[in-house]
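Hi,

Here is the structure I promised to pass on.

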Amino acid sequence: MNAADDSAELQEILAIQVNPELLELALTHRSFAYENGGIPTNERLEFLGDSILGQAVTVMLYREHPNLDEGDLAKRRASLVSSVALADVARGIGLGKYIRLGRGETLTGGREKASILADTVEALIGAVYLDLGGDAATAFVLRLVDPLLADPDRFGAAMDPKTSLQELAARRGAGVPVYTVTESGPDHAKVFVATVTVGTLVSAHGEGTSKKHAEMAAALEAWTLLSVGR
């Protein structure tokens, strides 16, 4: 399948028509740009999309939950805009297949890395905003996060995955989850990989730009695996 076919296929999945050049830029990771002569990356679109995402989710939560105080609203917003949640959204639409990655990043599993997936979702939001405007971008954001809101258990787990995993593990009589974390890469671009083990029931991995984010990603993955048999 060529680039044009990929673009058309992704736009059909996203249920939105975006300028093909902007869409291509939104999918261009810095590793691909570096290997192809330093072409533009999606990082500026990611910066823009992060702001649009935060505003759309904040307004939605404020309007739909008039009885929640500031603290509860902040927790819900944090869960919906976190890299863990956005990576989950990206996996749900199969976004990894379409990201333009360098060879090295591809070989090391970049299409499944939470940070890359989450950043690309934000870049897509930025592209929609630039091409179609604020209303379309807001609608796009709400459509992306809707699957998280539609699953109360998963939404609760995404708000605080480590606590949710610990509670689920206790109900299964599996003891306290045990975490180990490794790090790699230069100081300005460290990658943390966490592994969490829940007794003999499950072991899961998570990756992020900080130890906290990696542990959260691992915890949510373990919670998902462990909750399947509930």
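Let me start with serine 31: leaving aside residues up to four places away in sequence, it touches Leu101, Gly102 and Glu105. Keep in mind that this is a predicted model. Serine 31 is found in helix H3, residues 30-35. Is serine 31 buried or exposed? Its relative accessibility is 14%, and because buried means under 20%, serine 31 counts as buried. Its side chain also reaches the backbone nitrogen of glycine 102, at 2.8 Å.

Next, helix H4, which covers residues 43-64. With 22 residues at 1.5 Å a residue, H4 should span 32 Å, and its end C-alpha atoms are 31 Å apart, so the two agree. The buried residues in H4 are Leu45, Glu46, Gly49, Ile52, Leu53, Gly54, Ala56, Val57, Met60 and Leu61. What do the buried residues of H4 pack against? The list is helix H2 (20-26), helix H5 (70-81), helix H6 (83-92), helix H8 (114-132) and helix H9 (134-150).

I looked at one of those partners, H8, in more detail. The axes of H4 and H8 come within 6 Å and cross at roughly 80°. Angles of 65 to 115 degrees count as roughly perpendicular, so that is how H4 and H8 lie to each other. On the H4 side, the residues involved are Leu45, Glu46, Leu48, Gly49, Asp50, Ile52 and Leu53, and in H8 they meet Asp119, Glu122, Ala123, Ile125, Gly126, Ala127, Tyr129 and Leu130.

H5 and H6 also meet: their axes come within 4 Å and cross at roughly 45°. H5 and H6 are therefore oblique to each other. Ser79, Leu80 and Val81 of H5 make the contact with Ser83, Ala85 and Leu86 of H6.

Finally, the strands. There is an open sheet of 3 strands in the order S1-S2-S3, with antiparallel pairing. Strand S1 (178-184) and strand S3 (202-208) are the edge strands, each pairing on one side only. On average, neighbouring strands of this sheet are turned by 20° against each other, direction ignored. S1 pairs with strand S2 (residues 191-198) in the antiparallel sense over 7 bridges. If you want a spot to check by eye, tyrosine 179 stands opposite valine 196 in S2.

Cheers

Terms used:
Residues are numbered from 1 along each chain as its sequence is written. This is a predicted model: local features need pLDDT of at least 70, side-chain atom pairs count only at pLDDT 80 or more; totals for chains, interfaces and linings use all residues. Side-chain values use heavy atoms; hydrogens and water are left out. Two strands pair if DSSP finds at least two bridges between them. Helices (H or I, at least four residues) and strands (E, at least two) are DSSP runs, numbered from the N terminus. Axes are lines fitted to C-alpha atoms, for helices over the stretch in contact, and angles run from 0 to 180 degrees between N-to-C directions. The expected span of a helix is 1.5 Å times one less than its number of residues. Buried means under 20% relative accessible area, exposed over 50%, partly exposed in between (1.4 Å probe, protein chains only). Contact means heavy atoms within 4.5 Å. A polar contact is a pair of N or O atoms within 3.5 Å; within protein, one must be able to donate a hydrogen and the other to accept it, and residues adjacent in sequence count only if both atoms are side-chain atoms. Angles under 35 degrees count as roughly parallel, over 145 as roughly antiparallel, 65 to 115 as roughly perpendicular and the rest as oblique.
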